[in-house]
Amino acid sequence: MISSDLLTGAYPPLLVFAAGLLVLVLPRIVGFTVGALSLAAVLALSLVAPEGQYLAGTFLGFEVVPFYVDGFSQMIGVGLGFLGICSVIYAYSSGASRELVAIALTYVASSLGAAFAGDWLVLVFMWELMAITSTLVVWHYGGDAVRAGFRYALFHGTGGVIVLLAVAAHYVEAGTFVYDGSGIAAGLPAMLAVLGMGVNVGFVGLHTWLPDTYPRPHFAASVFLSVYTTKTSAFVLYRAFPIDAQSDLAIYIAYMGGVMAVYGATFALLQHDMRALLSYHIQAQLGYIVAGIGIGASAATSEIATAGAMGHLFNNILFKSLLFMAVGVVIFRTGEEDLYKLGGLWREMPLTAIGFALGALSITAIPPFNGYISKGMVFDAANPHYYGQPEYQALYYLLWLGAIGTLLSFIKLGYYVFLHGESDISVPDARPGQTVAMLGLGGACLLFGVWWQGLADLAPTVANNGGHFEFAYPGGGESELHPYSRSHLETAGILTAVGVVTFAVVRKPLSKLDLGDPARVVFPAGYYLGRWSMLATTELYRLVDAAAVGLVTRCYWIGNNPVLAVDAAARRLPMVDVEDRRPADGGRPSTIHLRTGIGTTVLLLTIVLTVILWLLLG
């Protein structure tokens, strides 16, 4: 048994935050190693820490629990910790800078803080910190990523304010910020929570930041971004609407998940940009998680629905990051983002092709990969023929359509990048660190598909009774998990066959379509509001920056050239004759470095504010 004092001193977000600072000052390989070890510590703590509250205390007079361990936070901690190790290794091998990885680790730390929070007040702080640090990850790359980052910041800032209002309204109703297992208070707090959290989770209509942003930064940064914000936010949505919450909003949340699955898969299918395609599939796969959360909060199938949602969240951490890694290697080696301009790369890049195949087979729920297990549980929970819930009939069909669209998308991506034709370029395969990271994640995807009992053991709502994995079902007894039953395998076979045949039919007309940003069509008001406000902000920043730098430069010149400054001022006065003593070189110019990147500036401010708040909390 681990002592409470040891856990208090090993607060996971603080470990990773400290590692991020060390990355900036240590030699590159040493700093990256420290970063990976900090995440290995998070993984270990998640596996062995007993359930309970740690670091409980008061902040500004309110009771807070910054570090709370239960079965679900342990599950998420294992996934985020393992991914973090692989992501740091991948970033090192991909040539990512120390500054980028330092910012990314502060981002990971804020995400872990939100996942392990035991009260709504700490959650809000970590939620906002996650928005700031993830924006810095985007901005660090510069160029188009800066403007995309402003749009990203606009959405997440707005969503964060709404979540803050939800938490304040919850406090008025409940009289405490500490989690009590019943979720967010009903009424106004629940409505605001759904809206604010829906931004981060990618609800349809609130999602346009996602495909616009994630294709823009460094490809190693996309690996971090593809997981930590959206998956942590989905977990927080579960905290707000936990199992058996019986919320009036639960059925609407479930159906939003179904719409997300279809919408994301449909628009992914129309993309030429590889990372844009994967970004839409973040939304699509979150749809299954959201559907499971909604069913679990309202229906008699809550046990299996919640297990499926959290299991798919865990699996999504693995296979989504793996797919971004494989596509990142392709971009790294070829310099090409358009999947239709590639082809036949399996001969040049066999290890990358294997990594992609492992991720694609997982996300499309092909047995024996992990996505098949968790997505199958969500399907079972929504299937009215299993549990007699007619209100989920339409949702079941939506999830089916989303699954077919997912298959089509990844057949398309794999076909045009790795299989179609012959490569007309000679490029090396993935670097050793990139290969280790991809195959590590791919191996985990296969492991939790074959050894599905290990995944079931991680889900608190599934009971292990002597090797029989059971969950409560409406009949009042226990139902045993049988993921490889004949009916489940037949369903997977039908789904795969429909996807393959459909792709053969639509392949040629599909290649002629390229809908870069569907928000222009389906959500024009949000698209243009976001774009205009982003342009206004960037132009204002440019003007303020130019004015501030000009002022400091002039003051510096005056300080170094006081005589010339007095002469220049005197010449402006009427009837004053001043001898011309201006040297030929115009005086001593400014030699100080006046600018630093916006990402670095905000990172330093974030570090200072975090330390101040941490001291206040202590």
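Student: Which residue takes a positive phi in the hairpin of S5 and S6?

Tutor: Gly 466, with phi near 60 degrees. The hairpin has 2 residues between its strands. Keep in mind that this is a predicted model.

Student: How do S5 and S6 pair, and over how many bridges?

Tutor: Strand S5 covers residues 463-465 and strand S6 covers residues 468-472; they pair in the antiparallel sense, over 3 bridges.

Student: What stands opposite Ala 463?

Tutor: Glu 470, which belongs to S6.

Student: Stepping back, how many helices and strands are there in the chain?

Tutor: The protein chain has 26 helices and 7 strands.

Student: And how much of the chain counts as buried?

Tutor: 56% of its 618 residues. The accessible surface is about 24300 Å², and carbon and sulfur atoms account for 66% of that.

Student: What share of the contacts join residues at least 24 apart?

Tutor: 79%, taken among contacts between residues at least 6 apart in sequence.

Student: OK, the core. Which residues have the most contacts inside the largest nonpolar one?

Tutor: Phe 241 and Leu 413, in a core of 189 residues. Helix H14, residues 302-334, supplies the largest share of this core, with 19 residues. As a general matter, nonpolar side chains in soluble globular proteins tend to be buried together.

Student: What does Leu 413 touch?

Tutor: Leaving out residues up to four places away in sequence, Leu 413 touches Met 274, Leu 277, Leu 278, Val 327, Leu 339 and Phe 356.

Student: Switching to charges: how many salt bridges does the structure hold?

Tutor: 5 salt bridges. One of them joins the side chains of Asp 212 and Arg 151, at 3.4 Å from N to O. That pair links distant parts of the chain, with Asp 212 in helix H9 (residues 209-213) and Arg 151 in helix H7 (residues 144-174), 61 residues apart.

Student: Are Asp 212 and Arg 151 buried or exposed?

Tutor: Both are buried. They also belong to a network of salt bridges that links Arg 151, Asp 212 and Arg 216.

Student: What does Glu 337 form a salt bridge with?

Tutor: Arg 275, with the closest N and O atoms 3.0 Å apart. This pair links distant parts of the chain too: Glu 337 sits in the loop between H14 and helix H15 (345-348), Arg 275 in helix H13 (residues 274-298), and 62 residues separate them.

Student: Why does Arg 275 count as buried?

Tutor: Because its relative accessibility is 3%, and buried means under 20%. Glu 337 is partly exposed, since its relative accessible area is 24%.

Student: Where do Glu 490 and Arg 486 lie?

Tutor: Both are in helix H22 (residues 486-511), 4 residues apart, which is about one turn of the helix. Arg 486 is exposed, with a relative accessible area of 69%, whereas Glu 490 is partly exposed at 41%.

Student: Last topic, the surface. Which residues make the nonpolar patch of about 310 Å²?

Tutor: Leu 21, Leu 22, Leu 24 and Val 25.

Student: Why does Val 25 count as exposed?

Tutor: Because it has 63% relative accessibility, and exposed means over 50%. Val 25 is in helix H2, which spans residues 12-25.

Conventions:
Residues are numbered from 1 along each chain as its sequence is written. This is a predicted model: local features need pLDDT of at least 70, side-chain atom pairs count only at pLDDT 80 or more; totals for chains, interfaces and linings use all residues. Side-chain values use heavy atoms; hydrogens and water are left out. Patches are made of residues with over 30% relative accessible area and no salt bridge: like charges are joined within 9 Å, nonpolar side chains (Val, Leu, Ile, Met, Phe, Trp, Tyr) within 5 Å. Accessible areas come from the Shrake-Rupley method with a 1.4 Å probe; for residues, only the protein chains shown count as cover. A salt bridge is a side-chain nitrogen of Lys or Arg within 4 Å of a carboxyl oxygen of Asp or Glu. Buried means under 20% relative accessible area, exposed over 50%, partly exposed in between (1.4 Å probe, protein chains only). Contact means heavy atoms within 4.5 Å. A nonpolar core is a set of buried Ala, Val, Leu, Ile, Met, Phe, Trp, Tyr and Cys residues joined through side-chain atoms within 4.5 Å. Two strands pair if DSSP finds at least two bridges between them.
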